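Please read the following points with the sequence and the model open beside you.

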Amino acid sequence: MALSSQQLLFSSQFSLLCPRTPPNRNFKAIPRAALREWKEYEDAVKRKDLARALRFLKSKETLTNNDSLADSVNGSFTNDSATRSGLGDLGLFDGLERDWEVLDTCLNADDMRLVSSAYGFLKNRGFLPSFGKFSNIVLEGPREVTPTVLQSSTGLEVTKLSPKKWGETGISSLVFIAFIGGANFLVDRGIDIRVNLAAILGLTLLDSIFLGGVCLAQISSYWPPNKRRILVHEAGHLLVAYLMGCPIRGVILDPMVAMQMGTQGQAGTQFWDEKLSNELAEGKLSSTSFDRYCMVLFAGIAAEALVYGEAEGGENDENLFRSICILLQPPLSVAQMSNQARWSVMQSFNLLKWHRDAHRAAVKALESGGSLSVVIRRIEEAMSSS
C-alpha cells in the first residue's frame, strides 16, 4: 500500500530599561565575522530557508562544543560562546533563544526529513523536552472501545464526539435563520430578491464544486465563535502531534492559504511521522504507527469536545481516516473502522485533558498570531510549570 505525501501531511522591554552589564566582558571583542554570520542566520529565518538556517546552527553547535573543550582546559571564554553571550548582552540577539526560530522556517520546507532534523536538533540541545514524551501511549489502554467505554472515559456520548454536517451546527443554524429572516423582511417590503438569491446559490455551488467550499469557509472563519473553534481544533492536532513525536511543519489558519498548500477544510496542521513514512515505503504498516497517526488525526475533534462539550469540525479528518482504512491491506471493516475511531478519539481526548494547560497555551499563542516557534515554546513552558 502506498499513500501520497498529502495524506501524510496534515504550513524585552525590561532588558532595555535595565540592561545587564556582565563583568569583564569586552563588547568590542565580538568578531565582525561572527556578527555577519548571525545576521545571515536571521536572513535565513526571514526567508524561511530551513536548510541554510539549520546548517548554520549545526556548524555553531560544533564550534561551541570545541569551545567548551577549550574553555575547560584554559578557563577562558571563547569564540561562539562569547559571541552568543555578547550579542545577547548588546540586545542584538537573544543568544541561545534565537535557535527556536529555526522552527519558523519549516512551513516552506519541501523535505520533511529536514523538518524532522530541525526538531531533533532542538531536542538534543534540550529545547524540546516534551517532544515525543508520550509516543508510547499507543501501547496503553483497552483496544476494544465500545460507545459505553468511550462515554465512561470521556463523560460524553458518542454523538458529541462526531463532526456535524452543515446545518447541524449552531453557527450554520444561525446563518440559516438569519438568511430566512432577512429574505422574509425584504419580501414583505416588496423587494424581489429572486435574482440575487439565484446568484448567491449559484456562486455557493461553484465554490463547493471547484474550490471545495473555500470561499464560504473564508467568510465563516471571520465569525468570532467559529474562529475560536478553529483555533481550538488545530491546537489539538498540534499538541498531540508534538507530544507523540511527530514533527509539525506548520499550522495554517487561512482557508485560502490552506487551499493553495493542498490542505482541505478551513485550516490545517501539517505534521509528519517518519516511522510511518518509512514503513509505507517498505510496503508495510505497523499497528503502533497507524494508531499514532489516527490519534493525531482525531485530536482536533477531541479538542473541540473537551473545550465545548461537543465537536462540530473534523469532517475532513474523518474522510481522510476512511480513505486510509480502505487502502489498507486487508481494508478495515466498518466495525473495525468505528472501533479504531473511538479508540483514537478517546486516547487523544484523555491526553489533551491531562495537558489542558498546554492546550490552552497553544490556543492563546495561535490566537495572538504567534509563529510556530512561539506556540511550541508556550507549550513547553506550560508543560514544565504543570
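**Notes on the predicted model**

1. Met112 is found in helix α6; helices (H or I, at least four residues) and strands (E, at least two) are DSSP runs, numbered from the N terminus. With a relative accessibility of 9%, Met112 counts as buried; buried means under 20% relative accessible area, exposed over 50%, and partly exposed in between (1.4 Å probe, protein chains only). The C-alpha atoms of Met112 and Pro247 are separated by 8.4 Å, although these residues are 135 residues apart along the chain.

2. A word on the basis of these notes. The model is predicted, so local features need pLDDT of at least 70 and side-chain atom pairs count only at pLDDT 80 or more, while totals for chains, interfaces and linings use all residues. Residues are numbered from 1 along each chain as its sequence is written, and side-chain values use heavy atoms, with hydrogens and water left out.

3. The protein chain contains 18 helices and two strands. Of its 386 residues, 44% are buried. Its accessible surface is about 20100 Å², and carbon and sulfur atoms account for 57% of that area; accessible areas come from the Shrake-Rupley method with a 1.4 Å probe, and for residues only the protein chains shown count as cover.

4. The UniProt record, an unreviewed entry, places the feature "transmembrane region" at residues 170-187, 199-223 and 235-252. UniProt positions are given in the numbering used here, feature names are shortened, and annotations may be inferred rather than shown by experiment. In the model, residues 235-252 are 50% helix and 28% strand, and the end C-alpha atoms of this span lie 11 Å apart.

5. How many aromatic pairs does a search of the whole structure find? The search finds six; rings of Phe, Tyr and Trp (its six-membered ring) pair if their centres lie within 6.5 Å, and planes under 30 degrees apart count as stacked, over 60 as edge-to-face and the rest as tilted. Trp100 and Phe127 form an edge-to-face pair, with 5.5 Å from centre to centre and 85° between the planes. Trp100 lies in the loop between α5 (79-90) and α6 (112-124) and Phe127 in the loop between α6 and α7 (147-154), so this pair ties together parts that are 27 residues apart in sequence. Trp100 is buried at a relative accessible area of 8%, and Phe127 is buried at 13%.

6. The rings of Phe271 and Tyr293 form a tilted pair, because their planes are at 40°; their centres are 5.6 Å apart. Phe271 belongs to strand β2 (residues 268-271) and Tyr293 to helix α14 (residues 287-308), so that the pair links distant parts of the chain, 22 residues apart. Both Phe271 and Tyr293 are buried. Elsewhere, ring pairs join Tyr119, Phe131 and Tyr242 into a cluster.

7. Two arginines lie over aromatic rings. The charged end of Arg143 sits over the ring of Trp343, 4.2 Å from its centre, and Arg229 lies over the face of Tyr308, at 4.1 Å from the ring centre. A charge sits over a ring if NZ of Lys or CZ of Arg is within 6 Å of the ring centre and within 35 degrees of the ring normal.

8. Ser348 lies in helix α16 (residues 334-354) and is buried, at 0% relative accessibility. Leaving aside residues up to four places away in sequence, Ser348 touches Val240, Met295, Phe298, Ala299 and Ala302; contact means heavy atoms within 4.5 Å.

9. A disulfide is a covalent bond between the sulfur atoms of two cysteines. Here it is a pair of cysteine sulfur atoms within 2.5 Å, and the count by this rule is zero. Cys294 is buried, with a relative accessible area of 1%.

10. Most residues other than glycine have a negative phi, and most peptide bonds are trans. Lys48 is not a glycine, yet has a positive phi of about 60°; Lys48 lies in the loop between α3 (32-46) and α4 (50-74) and is partly exposed, at 34% relative accessible area. Gln329 and Pro330 are joined by a cis peptide bond, with omega about -5°, and Pro330 lies in the loop between α15 (315-327) and α16.
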